Amino acid sequence: MSRLPSQRHLFDIPDDVAYLNCAYMSPLLRRVTEAGQRAVARKSRPWGITPADFFSEVGQARRLFATLLGDGAGEDDVAIVPSVSYGMAVACANLPLARGQRVLLLDEEFPSVILPWRERAREAGAEAVLLPRPADDDWTRVILEAIDQRTAVAALPALHWTDGALIDLPRVAARLREVGAALVVDATQSLGAMPFAMTAVRPDFLVAASYKWLLGPYSLGFLYVAPRHHNGRPVEYNWITQAGSEDFTGLANCAGELRFQPGARRVDVGETSNFALLPMAIAALEQLLEWGVPSIGATIAALTGPLVARATELGLEAVPAALRALHYVGLRFPGGVPPELPNRLAAERVYVSVRGRGTLRVTPHVYNTQADIDRLIGAISAARASAATIR
């Protein structure tokens with residue numbers, strides 16, 4: 001895949017900042033910030049906002065997200081949600097779960113995935129199973145071994161959020177279909193940085209927050225709803241999901257049965273037409289599609305590969321390359337990450353995260369350069385040398 005030259009000029013990142021923390025929160029592109037500024041200013045003159053405006057940008061955002069997902073997804077399959085937990089709540093409300101059945105989850109997975117399904121299982125008399133972290137980092141093997149006739153749902157990411165360990169979703173999805181189980185995917189830490197095998201995975205639901213690898217705003221996300229669930233139950237009822245809501249003159253009439261907008265629109269969050277956030281999300285999705293996800297991934301991989309090699313020379317470990325997402329690195333320190341290290345790095349304007357049990361998570365993007373990796377390695381080396389001297 002072709003690599004992109006540094007795209008740092010498209011972001012507002014000072015030269016002395018090495019921001020290697022996209023999995024925490026991406027910086028906004030300049031064009032996204034400008035779109036947000038225009039959008040906020042628009043609300044100061046609300047007489048210019050027409051009824052048609054409540055639907056036009058929402059439709060554009062759905063189409064862009066469906067394009068990002070790839071073949072097998074269309075505008076009618078996309079709902080607008082505020083968070084991963086909201087998307088999981090929709091999935092919980094629409095997937096059958098009976099007493100004695102099991103929901104498969106990953107240990108140490110993000111709470112917005114675990115908590116809704118744990119409560120759903122408790123209410124149904126089912127079992128929420130936290131699959132243990134494999135010593136060899138092969139999550140796919142652990143998941144496949146756990147799938148049996150008791151499995152009703154698996155709620156999984158494409159990679160583990162603490163260290164980038166991959167899950168082979170096409171293989172897992174095929175096995176789930178064999179036992180008649182559903183698949184719910186949290187693609188927040190993967191979509192936008194690695195291609196998604198939509199036609200092979202065919203999830204029941206897939207949700208992605210905007211503010212990480214989709215380079216968009218906080219409090220906005222997208223939910224893919226498979227056509228087989230288009231007649232499902234929303235978790236809230238609001239005016240804009242109702243059929244005919246484009247005609248504002250009829251909004252006062254709530255008599256009669258509910259009639260929904262087509263497709264996934266019936267599970268949209270209320271106030272879907274977020275006039276501040278949607279233009280920002282649209283601008284970000286447009287940029288991702290202009291770059292191309294394969295090129296984004298190849299560009300980041302050119303940084304993470306050498307990073308792991310150099311970290312290994314310092315005695316650190318990471319998930320093996322064959323089992324790790326190319327845009328994601330979790331550096332493991334013997335004895336755990338030194339407690340003072342994150343603050344020491346931040347003092348040198350090098351930004352990463354500590355996640356899970358002693359993992360320094362490093363997640364660059366197309367705005368990073370080899371100089372940023374050099375600064376990180378140098379800072380880690382100096383901090384470890386200092387700590388050894390003190391001891």
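**View 1. Helix α9 and the residue that follows it.** Just after α9, G315 adopts a positive phi of about 90 degrees. The model is predicted: local features require pLDDT of at least 70, side-chain atom pairs count only at pLDDT 80 or more, and totals for chains, interfaces and linings use all residues. Residues are numbered from 1 along each chain as its sequence is written, and side-chain values use heavy atoms, with hydrogens and water left out. Helices (H or I, at least four residues) and strands (E, at least two) are DSSP runs, numbered from the N terminus. Helix α9 comprises 21 residues, 293–313, which at 1.5 Å a residue should span 30 Å; the end C-alpha atoms are 31 Å apart, in agreement. The expected span is 1.5 Å times one less than the number of residues. A kink of about 25 degrees is centred on A301 in α9, the bend at a residue being the angle between axes fitted to the seven residues ending there and the seven starting there. Among the buried residues of α9 are V293, I296, I300, L303 and L307. Buried means under 20% relative accessible area, exposed over 50%, and partly exposed in between (1.4 Å probe, protein chains only).

**View 2. The open sheet.** Seven strands are arranged in the order β2-β8-β7-β6-β5-β3-β4, with mixed pairing. The edge strands, β2 (78–81) and β4 (127–131), each pair on one side only. From one strand to the next, the twist averages 20 degrees. Two strands count as paired if DSSP finds at least two bridges between them. Strands β5 (residues 151–157) and β6 (residues 182–186) run parallel and are joined by five bridges; A154 stands opposite L183 in β6.

**View 3. Helix α2 on the sheet.** Helix α2 (residues 53–69) lies across β2, β7 (205–209) and β8 (221–225), and runs at about 115 degrees to β2. Contact means heavy atoms within 4.5 Å. Axes are lines fitted to C-alpha atoms, for helices over the stretch in contact, and angles run from 0 to 180 degrees between N-to-C directions.

**View 4. Two loop residues with positive phi.** Most residues other than glycine have a negative phi. D137, in the loop between β4 and α5 (139–146), has a positive phi near 70 degrees. D137 is buried, with a relative accessible area of 5%. L215, in the loop between β7 and β8, likewise is not a glycine and has a positive phi of about 60 degrees. L215 is buried, at 0% relative accessibility.
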